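Open the model in your viewer and keep the selection tool at hand.

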Amino acid sequence: MSRILVPCHVKGTVALQVGDVRTSQGRPGVLVIDVTFPSVAPFELQEITFKNYYTAFLSIRVRQHTSAHTTAKWLTCLRDYCLMPDPHSEEGAQEYVSLFKHQSPSMTFPKWLSHPVPCEQPALLCESLPDPSRVSSEVQQMWALTEMIRASHTSARIGRFDVDGCYDLNLLSYT
Amino acid sequence: MATVEKRRPTVIPPAGFTDSGRQSVSQAAGATESEEDFLRQVGVTEMLRAALLKVLEARPEEPIAFLAHYFENMGLRSPVNGGAGEPPGQLLLQQQRLGRALWHLRLAHHSQRAAFNSNVTVAYECLSAGGRRKRPGLDGRTYSELLRRICRDGRAPEEVVAPLLRKVQCRDHEAVPLSVFRAGTLTCFVLLEFVARAGALFQLLQDPAAAVADRRVGQAVLDTLEGALQASDAAAPARFLEAGSRLGPDSLALALDRAVGGRRPSAPMTREEFLERAAALFIAKVKPVG
């Protein structure tokens with residue numbers, strides 16, 4: 001049986017991230033790549049080949065259209081398949097990867113790729129800068145204390161009639 | 001010179017047994033019983049039980065010193081001069097009450113919320129108790145004085161805590177309800193911990209040689225914290241995730257990197273200035289009393 005390439009359309013990556021992508025400074029850990037197959041004829045996918053670029057783990061989910069009557073379901077073919085043994089090292093970072101049908105427990109192969117990105121340290125951190133993890137720990141505690149106080153306001157009033165912080169009786173209004 | 005302690009008369013067990021051996025046994029039994037009764041009658045049993053409960057609740061690092069302070073405070077409750085002569089002046093009583101209330105408030109850390117709240121209630125009652133020349137209830141002047149004492153004893157610089165006190169203090173003549181009292185004291189203790197953390201943070205940021213930090217570094221950290229506190233209107237979990245993302249080590253490292261950016265060092269930032277600015281971020285989130 002000969003193997004042929006199936007034409008596919010790979011969409012751009014989408015970050016799974018909470019909050020506004022433009023303003024937030026954190027790097028997301030999970031990116032999603034959609035792959036669609038424009039050809040209508042059904043096929044049996046045997047192998048996926050790609051070149052990795054600093055992805056540590058790969059999950060593949062496929063949406064199958066089995067027949068016209070049943071609704072398409074999402075199936076997970078691969079979950080957290082390890083491409084890089086150590087995300088902070090170079091091993092496996094730019095390798096060519098082939099995934100075969102027999103590696104996935106379910107039948108056919110993906111039309112949808114989920115593409116997690118490992119945590120990247122900022123390159124060339126200045127020696128004189130303070131340790132970010134310790135700074136982060138202190139700042140997070142300060143944030144938590146402030147959030148706690150913000151949440152724990154009391155609704156009780158002292159019964160004062162303030163007008164711009166002034167307690168002058170003449171300034172009290174009757175409306 | 002301590003007053004002579006009077007000795008209470010011991011209960012003498014009745015004699016009247018013909019057998020000498022049995023007489024001695026019954027005498028010993030009688031003496032033991034009288035000791036227990038004695039302790040119970042003078043209230044020592046109850047007092048020790050209360051003291052032990054307080055120790056268990058507070059779990060202090062130095063239990064003996066804690067107990068010593070506890071009993072010292074107990075002594076304050078009884079009349080200073082044993083009833084004879086002039087009663088202590090209003091000012092002295094006020095100071096005693098403040099001292100006792102402060103002691104109660106410091107028994108439990110604010111994070112031990114149930115214990116802290118019960119101590120707050122005890123402190124409030126202590127300050128609100130009526131006296132011979134004092135109406136019951138807590139007035140704003142005493143309350144404000146207490147808050148100042150909390151902050152001063154917590155070794156926070158005055159300029160740092162002054163804006164908070166302006167927000168949560170009450171006017172001298174106002175009557176302070178328990179909920180306001182609780183919120184105000186809690187806020188003060190949390191601010192003290194916040195300032196302590198900010199101090200530790202400054203230690204990390206400062207130049208080991210000098211006692212100052214690079215202004216760009218300090219400002220970058222404060223700006224990041226401020227940004228994380230500028231909550232979006234999203235619901236709580238999303239807000240926490242966003243803050244966690246901003247305040248994570250990677251994000252902070254990037255912010256610091258960007259701030260320093262290869263330019264030559266700028267003006268230094270002192271510890272006082274850093275603490276003041278950090279505290280301002282906290283105080284901005286405190287709801288003023290009113």
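Select chain B and show its surface. The accessible surface of chain B comes to about 16,800 Å², and 57% of that belongs to carbon and sulfur atoms. Such areas come from the Shrake-Rupley method with a 1.4 Å probe, and for residues only the protein chains shown count as cover. This is a predicted model, in which local features need pLDDT of at least 70 and side-chain atom pairs count only at pLDDT 80 or more, while totals for chains, interfaces and linings use all residues. Residues are numbered from 1 along each chain as its sequence is written, chains are lettered from A and ligands numbered from 1 in the order in which they are written, and side-chain values use heavy atoms, with hydrogens and water left out.

Stay on chain B and colour by burial. Of its 290 residues, 36% are buried (under 20% relative accessible area; exposed is over 50%, and partly exposed lies in between, with a 1.4 Å probe and protein chains only).

Switch to a cartoon. Chain B has 12 helices and two strands. These are DSSP runs numbered from the N terminus: helices are H or I with at least four residues, strands E with at least two. Along the sequence the order is α-α-α-α-α-α-α-α-β-α-α-α-β-α.

Next, select residues 140-153 and 158-168 of chain B, which are helices α6 and α7. How do their axes cross? They come within 11 Å and cross at roughly 155 degrees (axes are lines fitted to C-alpha atoms, for helices over the stretch in contact, and angles run from 0 to 180 degrees between N-to-C directions). α6(B) and α7(B) are therefore roughly antiparallel (over 145 degrees; under 35 is roughly parallel, 65 to 115 roughly perpendicular, the rest oblique).

Show side chains here. Tyr143(B), Leu147(B), Arg148(B) and Cys151(B) in α6(B) meet Val161(B), Leu165(B) and Val168(B) in α7(B), where contact means heavy atoms within 4.5 Å.

Met142(A), Leu145(A), Thr146(A) and Ile149(A) meet Ala278(B), Leu281(B) and Phe282(B).

Finally, pick Gln64(A), in strand β5 (residues 57-64) of chain A. Is Gln64(A) buried or exposed? At 14% relative accessibility, Gln64(A) counts as buried.
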